Amino acid sequence: MSKKELTAAQLALKEEILTKLSRNFGRTLEDATPAHIYKATALTVRDRIVTKWTEYRRAQRKLQNKEIFYLSFEFLMGRAFGNNLLNTGLTEDYEAVLEDMGFSRAEAASQERDAGLGNGGLGRLAACFIDSLATLNLPAFGCSIRYEYGLFKQRIVDGEQVEMYDDWLVDGNMWEIACPEEQQMVRFGGQVNMVTGNDGRMYPEYTGTTDVIGIPYDMPISGYDAKLVNTLRLWSARAKSDIQAEFDTFSSGYHVKAVEEKAMAEAISKVLYPEDNNDQGKELRLRQQYFFVSCTLQWILRRFKRHHGNDLSRLADFVAVHINDTHPAIAIPELMRLLMDQEGMSWDQAWEICTKVFAYTNHTVLSEALEKWPMELIQRMLPRIWMILEEINRRLQEKLIVTYGYDWGKINYMAVIAHGYVSMANLCLCCCHKVNGVSELHTEILKKDIFNDYYNLEPEKFTAITNGITYRRWLRLANPQLSSLITETIGEGWEKDPTLLEKLVPYAEDDAFQKKFQAVKLEKKKELAAYIKEHNGIDIDPNSIFDVHVKRLHEYKRQLLNILHVIYLYDQVKKNPDMDIVPHTFIFGAKAARAYTRAKLIIKLINDVAKVVNNDPDIKGKIKVVFVENYGVTLAQMIIPAAEISEQISTAGLEASGTGNMKFMANGALTVGTMDGANVEMSQCVGTENMFIFGMSSDEVEKAKRYEWASSQEIYATNPRIRRVLDLLINGTFNSENYYYDIYQSLVFGDKSVTDKYMVIRDFESYVEAQKRIDTEYRDAKTWTKKAILNVAMSGFFSSDRTIEEYNDKIWHLKKYEPKTEAKATPKKAETKVEAKKAPGKKTK
C-alpha cells in the first residue's frame with residue numbers, strides 16, 4: 001500500500017525531525033531506533049511549546065496579572081508526548097510524518113517513561129489541575145520536587161509485591177529545562193541565636209548549619225487550544241560545598257568523607273515518599289517538604305521584587321499560594337521567616353500577608369494522613385522554624401482562650417503544638433484564608449466532625465469544591481474511538497466544555513448509536529485482553545463482564561471486600577459448576593506502600609485466589625481474576641476505557657472524593673459503590689438507577705463505630721455465608737493453613753480492640769446483592785448500553801476545568817490571560833466557560 005503524500009507543512013515538519021535526529025543524536029533515519037525517533041520528535045514538539053511559553057512570559061511581565069503557585073508533594077503527570085500533541089493540535093500531522101518515516105505515533109510514544117513524580121489520586125489530581133489551569137488561560141505554576149526515582153516499579157513474584165527502583169530519568173526528560181541561575185539555598189540544623197540588628201530589631205544568626213542548594217527544572221505545561229503555557233517547577237537538591245576543600249579531601253584519600261555531604265544533600269530529591277516508619281525516614285520526609293517550599297518561596301519573593309518592586313505588602317495582590325494537602329504546610333512559618341528575617345517586617349505585617357496569600361485543600365479524614373511532626377525533630381532540624389511555630393501557637397492559644405475560656409481539651413485539639421507534636425492541619429486552619437474539601441460529603445464531614453471547632457470559629461473560611469478530571473487525557477487521548485464517535489454524533493467542543501456531552505442523552509436508546517458504542521467498548525476490551533495475555537499469560541473472554549478495581553491499595557478502599565466476594569462466587573460455582581452466571585473477569589491493579597504489611601498481604605491474597613480460580617476446571621472459565629502489576633497513568637489509559645464495572649467501594653465517609661470514579665464514568669463504565677465521596681454527586685447527575693449503590697451510609701458507619709463494635713463476631717457466628725467465606729481464608733484453600741489469619745483476625749476479632757474497622761463484614765451481604773444485580777442487568781444488552789451511554793452523557797460536571805473555575809471564583813481570583821494583539825485581531829468567540837455550579841439533580845429516567 002503506497003504512502004500518503006505529505007503536505008508542505010508536513011514535509012517541513014519531517015525535515016525538522018531529521019535535523020534534530022542528526023544534530024542532537026548523530027543519527028540518520030536509517031540507523032535511528034524508536035527511542036531516537038521519540039526524542040527527536042519530542043524536541044520539535046517542545047520547540048513549538050517553548051516558543052509560546054516565551055511569548056507568554058514576556059507578555060505576563062507587562063500585564064502583571066496575579067498568579068497561583070500550586071504547592072503539591074506530587075504531580076502524577078503520565079506521559080507528556082501524546083498530551084502535548086493533542087493540546088497543540090498537531091496529532092494528525094505528526095502521525096502522518098511518523099508513518100512516512102516508517103514509525104507509528106504509538107511506537108514513538110511508548111519510548112517515554114511515566115514521570116516518577118507522583119503515586120495516587122493526590123498527584124493525579126494536581127496533574128489534572130495544572131492541565132486545566134493552562135487550558136483556561138489562568139497564570140499558574142505547579143511546584144514540587146524533581147524526584148530522581150519514583151515511588152517504585154511494582155513486580156509480582158510468587159503473588160507478592162516486590163518493589164524495584166523506578167529510574168524514570170535514566171534516559172533523560174525531554175520536556176524539562178534546567179535553570180541553575182535561579183538556584184536557592186536552604187539551611188538545616190545548626191544553632192540559631194537572635195541578635196540585635198542596626199535597626200534595633202532581633203535577627204537570627206546561624207551557626208553549624210548544613211546548607212543545601214536547590215536547582216530548579218522547569219517543564220512547560222501546555223493547555224488544550226490555550227493562549228498561554230504554564231510551568232511546572234521542580235527542585236533538585238545539591239550539596240553546597242567548598243569545591244577546593246572537597247577536592248583536597250578526596251585527593252588526600254578520604255574518599256567517603258568527601259562524598260558524604262553530597263550524598264546526604266542529594267538524598268532529599270532522590271526518591272518519592274521514602275519510608276517513614278523509622279526516624280531516618282521521618283527526617284528525610286521533613287527535609288523534602290521544607291526543601292521544596294523554602295526554595296519555592298525564596299524564588300517567589302525574588303521574582304516578585306523583580307517584577308513588582310520591593311513593596312511586599314502588595315504580595316497578595318499578585319501571588320496566591322495553594323497548599324495541596326498538609327505536605328507543603330511548612331510553607332507558612334517559612335514565609336513568616338523570610339518576611340521577618342530577610343525583609344525586616346514585623347510579626348503582624350508578615351502574618352497579615354500569610355493569611356491573605358495561603359489557602360489549603362484537605363484531602364482526607366483519616367487521622368494518620370493528617371500529618372503531625374514530633375516537636376524534637378523540628379527543633380533539631382529547623383530551629384528557626386520551631387521558634388516561629390511556637391509563637392504562632394502562643395498567639396493562637398490566646399485567641400482560643402478568649403473564645404473558649406480555659407477549655408484545654410478543646411484548645412489542645414485545635415493547637416498547632418500539643419502533646420509533643422506539631423499539627424500541620426491545624427497550622428493550615430489557623431492561617432489560611434480559605435479551606436476546602438473535595439466533595440460535598442467530605443466537606444460536610446470536615447465541618448461537622450474533624451474540623452468542627454475551627455468551622456464554628458470561622459465558618460466563612462470553609463467551602464466545598466468537588467474534584468474533577470481532564471477530559472482531554474481521560475477520554476480524548478485514552479479512548480480515541482469513543483471520542484471520535486462522540487464528535488461524529490454531537491459535534492466538536494466537548495473537550496473544553498464536557499457538559500456538552502449531555503447532547504448524547506437522546507441517543508441513549510438509539511439502536512444505531514448503541515451498536516457503535518458497543519463496538520467501541522468491545523474493541524477496547526480486546527485491546528486489554530491482548531495486553532493481559534502478553535503480560536500475565538491469562539486468557540480472558542472479551543465478552544465477559546470486565547469488573548475493574550484499580551487504585552492505591554488501602555484497607556479503606558476495600559479491595560479486600562471485592563476479593564472476598566470473588567471467593568464467595570468461586571465457592572458457589574465450585575459447588576454447582578452448572579450455575580448460570582454471566583462470565584465475569586475481575587481485574588485488579590494497585591500498589592501498596594512498602595511498609596504497609598496488611599495491604600501487601602491483600603495483594604498476595606488476590607494473586608493466590610487468581611491462581612486457584614483461573615486453573616480450576618470445575619469453574620469452566622466463568623470467573624477469571626487478574627492482577628495487573630505496576631499500575632500507573634499509562635496503564636490506566638488502557639484499562640479504564642475497557643471497564644464495564646467501576647469498583648468504588650470505600651467505607652462510607654472515608655473517601656474524600658475520588659477521581660477514578662469520574663474517569664470510569666466518562667468512559668461508559670457503571671459504578672458499583674457506596675454513597676461516599678464524589679459517588680454522591682455522581683448519583684445526583686446520572687441517577688442511582690444507573691449505578692449499583694450498596695452498603696452503609698457515612699452516618700451508619702459512625703453509629704456502628706460508636707455503639708456496635710462487638711457485633712462483627714455475632715455476624716460471623718450467625719451468618720453462614722460470611723462464615724464460609726472467612727473460613728476459606730484460613731483452611732488452606734488458597735495458601736497454607738492460617739496463612740491469611742491476620743486478615744481473618746482483623747475482621748472477626750480486631751486490631752487493638754477494633755473489629756472490622758472498615759466495615760467489610762457489615763457491608764458484605766449488601767455488596768453480594770449488588771453484584772447479583774449486575775449479573776442480572778448485564779444480560780439485557782440494550783438496557784445496559786443505555787445506562788453506559790447515560791453515564792458518559794451526564795459525566796460533564798466532573799471536569800477539572802469546572803473545578804478550577806470554582807477554585808478561581810471562590811479562592812484565587814485570577815484574571816485570564818488574553819494576548820492584546822490577538823484580542824484586537826480576532827472576533828469574539830462563543831463563550832465556552834464551564835460555569836461553577838453544584839452537581840445537578842437527576843436528569844435521566
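Which helices are included in what covers the buried residues of helix H20 (residues 480–490)? Among them are helix H19 (471–477), helix H21 (511–536), H25 and helix H32 (781–793).

## Basis of the report

The model is predicted: local features require pLDDT of at least 70 and side-chain atom pairs count only at pLDDT 80 or more, whereas totals for chains, interfaces and linings use all residues. Residues are numbered from 1 along each chain as its sequence is written, and side-chain values use heavy atoms, with hydrogens and water left out.

Helices (H or I, at least four residues) and strands (E, at least two) are DSSP runs, numbered from the N terminus. Buried denotes under 20% relative accessible area, exposed over 50%, and partly exposed in between (1.4 Å probe, protein chains only). Contact denotes heavy atoms within 4.5 Å.

## Helix H20

The buried residues of H20 are Leu482, Ser483, Leu485, Ile486, Thr489 and Ile490. They cover an arc of only 160 degrees around the axis, which puts them on the same side of H20. The arc is that of the directions from the helix axis to the C-beta atoms.

Two strands pair if DSSP finds at least two bridges between them. Strand S19 (residues 584–589) and S18 pair in the parallel sense over 6 bridges, and Asp547 has Phe586 as its bridge partner in S19. Axes are lines fitted to C-alpha atoms, for helices over the stretch in contact, and angles run from 0 to 180 degrees between N-to-C directions.

Strand S18 (residues 545–550) is joined to S21 by 2 bridges, and the two run parallel; the bridge partner of Val548 in S21 is Ser646. Strand S21 (residues 645–648) is covered on both faces, with Ile645 and Glu647 buried on one side and Ser646 and Gln648 buried on the other. In a regular strand the side chains alternate between the two faces of the sheet. S21 also pairs with strand S22 (residues 670–673) in the parallel sense over 4 bridges, and Glu647 has Val672 as its bridge partner in S22. From S21 the chain crosses through helix H25 (residues 660–666) to S22 in a right-handed β-α-β crossover. Right-handed denotes that, with the strands pointing away from the viewer, the path from the first strand over the helix to the second runs clockwise.

## The three-stranded antiparallel sheet

An open sheet of 3 strands has the order S13-S15-S14, with antiparallel pairing. Strand S13 (372–374) and strand S14 (417–418) stand at the edges with a single partner strand each, so one side of each is left without a neighbour in the sheet. S14 and strand S15 (residues 421–423) run antiparallel and are joined by 2 bridges; the bridge partner of Ala418 in S15 is Tyr421. Helix H16 (residues 424–431) lies across S13 and S15, running at about 45 degrees to S15.

## Helix H1

Helix H1 (residues 8–25) has 18 residues, which at 1.5 Å a residue should span 26 Å; its end C-alpha atoms are 25 Å apart, which agrees. The expected span is 1.5 Å times one less than the number of residues. Gln10, Leu13, Lys14, Ile17, Lys20 and Leu21 are the buried residues of H1. Viewed down the axis of H1, they fall within an arc of 120 degrees, so they line one face of the helix.

Helix H2 (34–63) and helix H4 (91–100) are included in what covers these buried residues of H1. The face of H1 turned away from its buried side carries the exposed residues Ala8 and Arg23. Gly26 follows H1 and has a positive phi, near 65 degrees.

## Two buried residues

Ser269 lies in the loop between helix H8 (255–266) and helix H9 (279–308), and is buried, with a relative accessible area of 4%. Leaving aside neighbours within four places in sequence, Ser269 is in contact with Ile145, Arg146, Tyr147, Glu148, Trp235, Ser236 and Ala237.

Leu301 lies in helix H9 and counts as buried at 5% relative accessibility. Not counting residues up to four places away in sequence, Leu301 touches Leu312, Leu315, Leu335, Leu338 and Leu339. Leu301 and Leu335 are 34 residues apart in sequence and 9.3 Å apart in space, C-alpha to C-alpha.
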